[in-house]
Amino acid sequence: MGDIATVDVAREGAVAILTINNVKQRNAMTVVVKAALVPALEAANDDPDVRAIVIVGAEGTFCAGGDVSLFGDLTPAKGRQVVFDQRRFLHLMIRGETPIVAAVEGFAFGAGFSLALACDHVVAARDAKFCAAFNKIGLMPDGGLLWTLPQRVGAGRARDMMMTASVVDGEEGARIGIVDSLTEPGQAFETALAKAQRLAKAAPLAVGAVKAAFSRYPFDLEDAFAMELDAQPALMLSEDAAEARRAFFAKQTPVFKGA
Amino acid sequence: MDNSAPTVTRDQDGAVAVLTVSNPKRRNAFAPEIRQALSDHMSDIATDDATRSILITGAGGTFSAGGDLSTMQDMTPFEARERVRSGAGVVNALWASEKPIVAAVDGYAFGAGLSLALLADWIVAGDDAKFCASFGKVGLMGDLALFWTLPQRVKAGKARRILMLADVVDAAEALDIGLVDAVAPKGGAFEAAMKKAQALAAAAPLPNRLTREALGRYPAKLDDMLSYEAHGQGALFNTADATEGFAAFLEKRRPNFKGA
Amino acid sequence: MTEESPGCTLEVEGAVAVITMSDPKKRNALSEAVVRDLEAHFDAALADAAVRAIVLTGAGGVFCAGGDISGFGKGLPLRKRMPHLHRLCGRIAHSEKPVVAAVEGGAFGGGLSLALLADQIVSANDARFCSSFGKIGLMPDLGLLATLPARVGVGRAKEIMMFADDVPAAEALADGLVDELTPPGGALARAKEIAAEFAAMAPLAVAYTKAMVMRWPMTLQQELAWEAQGQGILMASEDLQEGRAAFFEKRKPVFKGA
C-alpha cells in the first residue's frame, strides 16, 4: 500500500521475507516501521517452519535513515528512550537464533546502515551505497553500529566512516568487509533469497548456536571453549545430528528438523 | 636554543593543531622529553576551543624510529616497569582526546613510532614509509598500547607476524591489511593528512567525541554499546549542532557545526 | 611406531620440533591415539630447552579430518571428553614456543580448528578448508568460534561457519584464513623455514608477545598494565643487552632466552 509505512511480511518456503515499505520516505526507519519490525521478527523467530529471514527495502532502496522530521521535537530523555527502545528489534535480530540475510539495493544510510549490519549476511548490489550518515545531522551512530561495524571492517575504516560520514559503495564494501555477497544492480534480493534458502536447509540448532556465540562478540579462546562445552553435547544428542550421521553413511542429503 | 633537543612543536593551521615530533640526532626516537611534550600539548589542546582536530607527524621526513636504545642500559625489572608505566600517560592523553587525531607518516614508524601512529584515528603513509614492531629485534615486546591498537586494525595472521617476527611492512601492504587508511605519494602524506584533519574539523565535534569515547571502550559487548549510544544520543538530540543538522538536512543544505 | 599404528611422531631438528599426526585410515582424525600422542609430544617439545619453535603437520597428504565421526552420538561422554580436548587445544594455543601449521590436502572440522590454534599457517595451494561441523548438525568447536573471526573478520567467519562451504586455498589466503601458499608437497618445508625465523628471535620476547596476543580482547587499561609487567622483565634481560650490542655492532643477535 503506497502511503502507509509498514513492514510487509511474506513467506517463500522456509524463508520469511520482511520488506521495509515506506517508499515515500525512502524506507526511513520511522516509529511505525520500527514498531512493525518487532512483531514481524518475533513471529519469524518463533515459527519453527521459518528457518531464515530476508530483510529488504521496497522498490529498490534499502533504508535511507531515521525519521529526521521528528528529531527536532525530542528532549534528551525522549531521545534516549527512542534509541534505547531500538534494542527491542536489535535483540531480536542479533540474539535470535534464525539467521538473517540483508538484501541491499540503493541506500543503506544511517539507521539503514545499522539495520543492514545487524543482519548475519549482507548481500548488496555493487552500486548500493552505505553511509554512517549520523554525523551529518549532529548525531552519533546508533542501532548497534559502534559494535557491528568495527567487527567487520576493523577500527581504522570504522572510525573513518563514522566520523566523516563517508559513503562506501557495494564494491568497496565487499573489499573491506561490509558486504559478504556482491551482485549486479537489481540482483540483491534474488541472491539474498537464494542464500537464505541455503541457510534454511542447514541444521537449525547448529546455525543458531553459531549465531548465539557471535552475539557475545568479542570473546577469547577460553570463552569459546565454555560455549562449546555448554552447547555441543546437547547438539551431539539431537535428532538432527543423528539424521546427519545416518545420511552420511547412506550417502544421502540430510533433512534437518530443528530438533 | 639547541634545536637538536628532543621535543614536540605545535603549530596551528586554522582549527587543526599540528604536533611535530622532533629528535633529529636519533631519527625522532621516542625519548622521555617527547612523551612529556606530547602529553603537555594534548592538555593544552583539550581546553582550546579553537582546535577541532589534531595532526601528528615527524620532523625531517621520518615519523619516529622508536625507543632510544642508547638509554636502555642495565636496569632492574622494577625500574624498567616504571619506565614503561610512564609511557601510559601519553597513551591515555591521546586515547582520551575529545578531538580526532590523524597521523602523517613518512619514512620510518618503527617500535614506539609504530605504536604512536596507531593511536591516531586515521593514518596516511607516504608511499616509501615503513612500519615495524622493531621491539622484537632487540628482545623486547611491543608497548605504548600496541597490543590494544594493532589487533583492532590488522587481522590475526598478519598481526602475529608483525608482533612476533618484527616484519617490516611497506606502505602498500600497510594499506592492504588495514594498518593504515591511505597512501600518498612520497612527501605527500602531510597534505593528505591535513585534508582529512580539516574534514574532521568541519564535522560535528560532539558526536565524534562520543564516538571516540565509545570505541575507546573496546572490547565492549553489544548491550554495553547499546546503552552507551542511547545515553550519548539523548544528550546530543538537544544540542545546537543537532538542531542545525536536522534543519540543514530538511533544507537540503550543508550544515555548519559550532561544537555545541 | 609403525605406519600401521596410528599416533603422532616427534622429530627435533636443531631448534625446531616437528610433530606429525598419522592415522591414515582415518585421514588423521583426532582419534584417542592421535590426541594422546599430541599431548605427549607437545609436552616434550615444550620441555626441551633446545626447541624454540614447533611445526604441526599431518602425514599422508592431509592435515586432519577432525573429530572421529564413528565415535559420535554420545552426548554425555562428550561432556567428559571435551575438557580433555580443550586442555590439549589450550596447551597448543598458549604454547610459549610458536607453532606453525603445515597443511597438505585439507583441514576439516576439528582439523581446521586445530590448524587455527597455530601462530602461522602454511598451506599447499591445492588444499581445501571447511568448517564442516554444521553439515553433521554440530557447532564449530575446539576454539574455532574465537580463532576464525580473529583471522577473517566476523562477517566472513559467520559465512564460513553457517554455510559450511569448502574454502579453496587461494580464497583462504585472500581471507586471511592461512598465511602462505606453497606448491603441493611444499608446505612442511616452508613451515620449517618459518619456524626457523621464530627460533632466531629472542625466546622470552616471543613468549611474552604471544601471551599478550592470547589475552586479546582486553581493555586499554588491562593492556597497559600487562605490557609494563612484561616489558619490565624483558628490559632487565641479558637478551636485551645482546640485542642492543648486536644493533650497535651491526651484526645478527644471538639470543639465549635469558
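Residues are numbered from 1 along each chain as its sequence is written, while chains are lettered from A and ligands numbered from 1 in the order in which they are written. Because the model is predicted, local features need pLDDT of at least 70 and side-chain atom pairs count only at pLDDT 80 or more, whereas totals for chains, interfaces and linings use all residues.

**Stop 1: the domains of chain A.** Select residues 6-201 of chain A for domain 1, then 204-249 for domain 2. These bounds come from an automatic or database domain assignment. Taken over C-alpha atoms, the centres of the two domains are 27 Å apart. Eight residues of domain 1 are in contact with seven residues of domain 2; contact is counted if the C-beta atoms of two residues, placed from the backbone, lie within 7 Å. The domain 1 side of this contact has three nonpolar, one polar and four charged residues. Here Ala, Val, Leu, Ile, Met, Phe, Trp, Tyr, Cys and Pro count as nonpolar, Asp, Glu, Lys and Arg as charged, and the others, Gly among them, as polar.

**Stop 2: two helices of chain A.** Select α9(A), residues 204-214, and α10(A), residues 221-236. Helices are DSSP runs (H or I, at least four residues), numbered from the N terminus. The two axes come within 11 Å and cross at roughly 170°. Axes are lines fitted to C-alpha atoms over the stretch in contact, with angles from 0 to 180 degrees between N-to-C directions. α9(A) and α10(A) are therefore roughly antiparallel (over 145 degrees; under 35 is roughly parallel, 65 to 115 roughly perpendicular and the rest oblique). Show A:L205, A:A206, A:A209 and A:A213 on α9(A), and A:M227, A:A231 and A:L235 on α10(A), which make the contact. By class these are seven nonpolar, no polar and no charged residues.

**Stop 3: chain A against chain B.** Show both chains: 40 residues of chain A are in contact with 44 residues of chain B. On the chain A side, α2 (68-71), α3 (76-85), α4 (87-95) and α6 (145-164) each give two or more residues. α6(A) gives the most, with twelve. The chain A side divides into 21 nonpolar, eleven polar and eight charged residues.

**Stop 4: B:G89.** Select B:G89 in helix α2 (residues 77-95) of chain B. Not counting residues up to four places away in sequence, B:G89 touches B:R35 and B:S39. B:L38 lies 51 residues from B:G89 in sequence and 9.7 Å away in space, C-alpha to C-alpha.
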